[in-house]
Amino acid sequence: MICPHCHRDGSRVVDSRPSEDGTFIRRRRECPHCGTRFTTFERYEETPLLVVKKNGTRQQFDRKKILNGLVRSAEKRPVSIDQLTQIANDVEKKVRSLGENEVASAVIGQYVMEELKDVDEISYIRFASVYRQFKDVGAFMNELETMIKQNKTSADSKTKK
């Protein structure tokens with residue numbers, strides 16, 4: 001590490017502390033040549049992640065877009081912003097854990113729907129109606145019927161226990 005005071009190479013680490021959230025490490029350093037102490041921050045480098053849209057175009061992954069879509073789908077619903085933020089965080093973790101540089105928007109949308117379904121069914125339907133672009137009422141009804149069947153199966157399995 002180059003000293004910001006004398007511009008000579010080489011410094012020694014005096015103290016290291018991780019941040020509260022664990023996303024970076026703060027290091028106090030000292031230059032052996034002039035004795036100046038300075039602080040550096042070490043963070044991991046995230047590789048750029050591109051989202052491949054349905055039309056084939058690519059754009060950089062943006063967690064805020066996921067959160068904005070979730071907020072719109074949960075408008076006037078009993079879902080807290082903390083829950084929506086957690087969904088967005090979980091989806092981003094899943095997408096990054098794939099280890100790919102490019103991810104299809106369909107994969108991201110599916111992850112969002114999986115997470116949202118457990119939080120609020122109405123928000124899920126709202127999100128699904130935009131994400132899946134239902135062509136008609138019949139397609140919308142099919143999605144509702146699938147959801148009702150899953151709920152009934154889930155309720156039946158709970159009563160048997």
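Two strands are taken as paired if DSSP finds at least two bridges between them, and with that in mind I would like to begin with strand β2 and strand β3 (residues 37-43), which run antiparallel and are joined by seven bridges. Please keep in mind throughout that what we are looking at is a predicted model.

Within that pairing, Arg27 has Thr40 of β3 as its bridge partner. The two strands form a hairpin with six residues between them, and in the turn Gly35 has a positive phi of about 85°.

On its other pairing, strand β2 (residues 24-30) is joined to strand β1 (residues 12-18) by six bridges, and these two strands also run antiparallel. If you look for Arg12, you will find that it stands opposite Glu30 in β2. The hairpin of β1 and β2 has five residues between the strands, and there Gly22 takes a positive phi near 75°.

His7, which lies in the segment before β1, has a phi near 65°, a positive value in a residue other than glycine. Is His7 buried or exposed? With a relative accessible area of 59%, His7 is exposed, because the cut-off for that word is over 50%. Lys76, in the loop between α1 and α2, likewise is a residue other than glycine with a positive phi, in this case near 60°, and Lys76 counts as exposed at 79% relative accessibility.

Two packed helices are described by the angle between their axes and the distance between the axes. For helix α1 (residues 63-73) and helix α2 (residues 81-97), the angle is about 140° and the axes are 9 Å apart, which makes α1 oblique to α2. The crossing of α1 and α2 is right-handed. On the α1 side the contact is made by Arg63, Ile66, Leu67, Leu70 and Val71, while α2 contributes Ile81, Leu84, Thr85, Ile87, Ala88, Asn89, Val91 and Glu92.

Strand β4 (residues 50-52) and β6 run parallel and are joined by three bridges, and in β6 the bridge partner of Val51 is Val103. Val103 is buried, with a relative accessible area of 4%, which puts it under the 20% cut-off for that word. What does Val103 touch, if we do not count residues up to four places away in sequence? The residues that Val103 touches are Leu49, Leu50, Val51, Val52, Val95, Leu98 and Ile108. As a last point of orientation, the C-alpha atoms of Val103 and Lys65 are separated by 15 Å, with the two residues 38 apart along the chain.

Methods
Residues are numbered from 1 along each chain as its sequence is written. This is a predicted model: local features need pLDDT of at least 70, side-chain atom pairs count only at pLDDT 80 or more; totals for chains, interfaces and linings use all residues. Side-chain values use heavy atoms; hydrogens and water are left out. Axes are lines fitted to C-alpha atoms, for helices over the stretch in contact, and angles run from 0 to 180 degrees between N-to-C directions. Helices (H or I, at least four residues) and strands (E, at least two) are DSSP runs, numbered from the N terminus. Angles under 35 degrees count as roughly parallel, over 145 as roughly antiparallel, 65 to 115 as roughly perpendicular and the rest as oblique. A crossing is left-handed if the near helix is turned anticlockwise from the far one by less than a right angle, and right-handed if clockwise. Contact means heavy atoms within 4.5 Å. Buried means under 20% relative accessible area, exposed over 50%, partly exposed in between (1.4 Å probe, protein chains only).
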